[in-house]
Amino acid sequence: MVSTGLPQVGDDSRAGVANPVLQVEDLSVSLGGRQVLDRVSFSVEAGGFCGLIGSNGAGKTTLIRAILGLTAPSRGRIVVTDGTRSRQNPQIGYVPQKIVLEADMPLRARDLVGLGLDGHRFGIPWPKTKRRIAVEEMLDAVGATRFADVRIGTLSGGEQQRIMIAQALICRPKLLLLDEPLANLDIRSAAGVVELLARIAAEQRIAVLLSAHDMNPLLPVMDRVVYLADGRAVSGTTDQVVRTDILSRLYGHHVEVIHVEGRVLVVSGSEHQAHHPNDTDTFLRGP
Amino acid sequence: MLAVSWAPLFEPGFFSSEPVHVALTVGAISAVVSGVVGVFTVIRGQSFAGHALSDIGTAGGSASFLVGTSTLYGFVAFNVVAAGVMELIGIRKPRGRDLATGIVLGASLGLAALFLYEGTISSSTTGATVNVLFGSIFTLAPGIMNVIAVLGFVSVSLIAVLYRPLLLSSVSYEMAAARRVPVRLVGAGYLLALALAVSMSAVTIGAILSTALLIGPAAVALRVATRTGVAIAVAAVVGVVACWAGTLIAYDSTVWAGGNGWPVSFCIVVVIFVLYFTSGVVSRLRADPRPATTSDLGRFVEPVEAA
């Protein structure tokens, strides 16, 4: 871990958080000969809200897929809750990146939540009172009762995201992984989703790991951050990580962290900003 | 009263004709199977694969014509093998799926060209071509009904077993994979069900037209149903109605047209098209049940009472 040469920030060690639900230790992943993740280590505790921040191509989706057991690491390990390997662990809820659902898909919002409960089982779902009540409670918990009987494809992005969250939570996981859930949402819907996730994390003691390229919508609720750049990561509390010196060492060139009216701007101060052309929010060009 | 008023619809001999019995039975079975499988075909965006399988079937149908067996066996053999090859080449990503389908389709149509040519040479008739491509439900041997029933049962059972994982992976392949659904196996099982469904509808309305029975009723269902189960039921009913009405029209047309009636496949496809058009009008006339939702985007800000 130390050999990465990256700053070891805060309580980053594996014994660091008091009640870890997810521990990623020294994780490296290569895809098609390219090193996508390079010795990444961090942990997330129960009830914690952790932002996985990085520009496009930084390795966020790869990290999430590795935690889900969909991508095999080339080194390191991932431990979820009780010491079992994540591949065998049912305790992970997952909301994948941008799902496109056609408006004529004959599936109501409540049907998708039901699939979250038993979609992996074979056979036709028989209507059971227990199942119906579980779905009803989950819809209520995410504030989706009003549009529960509508085709999922006709819902707005924010509404679909809430249904996806309900579908991921109905099995009562210990860890909730969300891949860019705010990507296609307007500011108000994004704030609603973030607030919902923070409430669920706190109430149900679920660890939330949410990837985003812009950390600003997460600032009110995020208690930890994993910052990815070029496959490497630093982690800690937001104040510990999002600092000029720490991020400069992560990127390998000078970046400036500026706080303006409650927003954090990470400003690239060298020519290397061409690596991150898509992050107009987080990365502003220097003079 | 009712019976009397309906009588002119049925030309004499309709109910006592054995070819009509076979046609109605085979039509109903293949329509139900096509409806069940077709809904998933449309949901999964695999209409091209469905269409390709029906075209691929022409190679099998023409081969069995050469050999001298029922075209059904040729359809089934070629479609099942083709589905397997498509799965092997890689059917997961839409692009790979199209490529795999296109490659297998091209090769099979080449074979079909060869077999149909050989068939025409050897029998000096174009009957084989018309029979394979456009079907002739009135010329089926009665014994084929049992085979169709068994194949239909297998296909529908496959879909019933795969129902939930299939639906989940249709929503999101990644989500299903993360839930440890054996997504490739589920996809392969579905393709097998599709191959059987297409083979049956190829016997009913011909290899070229079997897509109509697969996609048409499913498309009608998706316009009117909000639930998967309801959509499947609607598609099955629409398919059966189309097959029976088409069979009736074709039978009656022999009387109206003085001996040479319209092909039954044509009549079935026309009924499907009319139903599709009508369903479009119906779904547009129906009020959208969806409540106004733009106002509740910020509802989360309200405190939610603890349980």
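Predicted model: local features only at pLDDT ≥ 70, side-chain atom pairs only at ≥ 80, totals over all residues.
**Entry 1. Overview of the chains**

I began with the secondary structure of each chain. Chain A has 7 helices and 13 strands. Chain B has 12 helices and 0 strands, and I read its pattern along the sequence as α-α-α-α-α-α-α-α-α-α-α-α.

I then looked up burial. In chain A, 49% of the 287 residues are buried; in chain B, buried residues make up 51% of 307.

I also noted how far along the sequence the contacts reach. Among chain A contacts between residues at least 6 apart in sequence, 65% join residues at least 24 apart. For chain B, residues 24 or more positions apart account for 75% of the contacts with a separation of 6 or more.

**Entry 2. The sheet of chain A**

I traced an open sheet of 6 strands in chain A, in the order β6-β7-β8-β3-β9-β10, with mixed pairing. Which strands stand at its edges? I found β6(A) and β10(A) (232–236) there; each has a single partner strand, so one side of each is left without a neighbour in the sheet. From one strand to the next, the twist averages 15°. Helix α7(A), residues 244–251, packs on the sheet and touches β9(A) (224–229) and β10(A). I recorded an angle of about 35° between the direction of this helix and that of β9(A).

I followed β6(A) to its partner. β6(A) and β7(A) run parallel and are joined by 4 bridges. Within this pair, V95(A) has L178(A) of β7(A) as its bridge partner.

I next checked the two faces of β6(A), and both are covered. I92(A) and Y94(A) lie on one side, G93(A) and V95(A) lie on the other, and all of these residues are buried.

**Entry 3. Strand β3(A)**

I moved to β3(A), residues 49–53. Why is this strand described as largely enclosed by the rest of the structure? The reason I recorded is that 5 of its 5 residues are buried. F49(A), G51(A) and I53(A) point one way, C50(A) and L52(A) point the other way, and all are buried.

I then looked up the pairing of β3(A). With β8(A), residues 207–212, β3(A) pairs in the parallel sense over 5 bridges; here L52(A) stands opposite S211(A). With β9(A), β3(A) also runs parallel, joined by 4 bridges. In that pair, the bridge partner of I53(A) is Y227(A).

**Entry 4. The nonpolar core**

I met Y227(A) again in the largest nonpolar core, which holds 186 residues. Y227(A) and L194(B) are the members that touch the most other members. Leaving aside neighbours within four places in sequence, I listed the contacts of L194(B) as V37(B), T41(B), A49(B), G50(B), L53(B) and A83(B).

**Entry 5. Helix α4(A)**

I compared the length of α4(A) with expectation. At 1.5 Å a residue, its 13 residues should span 18 Å, and the end C-alpha atoms are 18 Å apart, which agrees.

Is α4(A) mostly covered or mostly uncovered? I found it mostly covered, with 12 of its 13 residues buried. Among the buried residues are G158(A), R162(A), I163(A), M164(A) and L169(A). What covers the buried residues includes β6 (92–95), α2, α3 (129–141), β7 (175–178) and α5 of chain A.

**Entry 6. The contact between the chains**

I looked up the contact between chains A and B, which takes 36 residues from chain A and 36 residues from chain B. On the chain A side, α2 (109–118), α4 (157–169) and α5 (187–204) each supply at least two residues. Of the chain A elements, α5(A) gives the most to this side, with 5 residues. By class, I recorded 17 nonpolar, 9 polar and 10 charged residues on the chain A side.

**Entry 7. R179(B)**

Is R179(B) buried or exposed? I recorded it as buried, because it has 25 C-beta neighbours inside 10 Å, and the cut-off for a buried residue is 20 or more. Not counting residues up to four places away in sequence, R179(B) touches G119(A), H120(A) and L168(B).

Terms used: Residues numbered from 1 in each chain as written. Chains lettered and ligands numbered in written order. Contact = placed C-beta atoms within 7 Å. Core = buried A, V, L, I, M, F, W, Y, C linked by C-beta atoms within 7 Å. Nonpolar A, V, L, I, M, F, W, Y, C, P; charged D, E, K, R; others polar. Expected span 1.5 Å × (residues − 1). Pairing = 2+ DSSP bridges. Axes fitted to C-alpha atoms, helices over the stretch in contact; angles between N-to-C directions.
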